[in-house]
Amino acid sequence: MKTLTESTMTPTSLGPRLDRTEWRTLGLFVVYVLSLSVVYAVGDVRLWLAWAIGAVILVALVMIAYNQSPPPE
């Protein structure tokens, strides 16, 4: 029987770590939810429209940036 110090639980075995792209995606999600909550609280139709257009443009730009292939050598 293994003791507590001989356990196979190491920090790297606790689960997968997030890479840079996943952290950025998480940050984008947080900004999306926070901005949506502000727009919902204000409730102005023009603000809803501006938020929707901005969200679509931002997500499109992020997707383009993430999916660019590296330049040929």
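Reply: Accessible areas come from the Shrake-Rupley method with a 1.4 Å probe, and for residues only the protein chains shown count as cover. On that basis the accessible surface of the chain comes to about 6,700 Å², of which carbon and sulfur atoms hold 70%. The model is predicted, so local features need pLDDT of at least 70 and side-chain atom pairs pLDDT 80 or more, while totals for chains, interfaces and linings use all residues. Residues are numbered from 1 along each chain as its sequence is written, and side-chain values use heavy atoms, without hydrogens and water.

The chain has 2 helices and 0 strands, these being DSSP runs numbered from the N terminus (helices H or I, at least four residues; strands E, at least two). Of its 73 residues, 4% count as buried, that is, under 20% relative accessible area, with exposed over 50% and partly exposed in between.

A search of the whole structure finds 2 aromatic pairs. Rings of Phe, Tyr and Trp (its six-membered ring) pair if their centres lie within 6.5 Å; planes under 30 degrees apart are stacked, over 60 edge-to-face, and the rest tilted. The pair of Tyr32 and Trp51 is tilted, because the planes meet at 45°, with the centres 5.2 Å apart. Tyr32 belongs to helix 1 (residues 20-42) and Trp51 to helix 2 (residues 45-66), so this pair ties together parts 19 residues apart in sequence. Tyr32 is partly exposed at 38% relative accessible area, whereas Trp51 is buried at 17%. Trp51 also forms an edge-to-face pair with Trp48, at 6.3 Å centre to centre and 80° between the planes. Both tryptophans lie in helix 2, 3 residues or about one turn apart. Trp48 is partly exposed, with 31% relative accessibility.

Technical notes
Buried means under 20% relative accessible area, exposed over 50%, partly exposed in between (1.4 Å probe, protein chains only).
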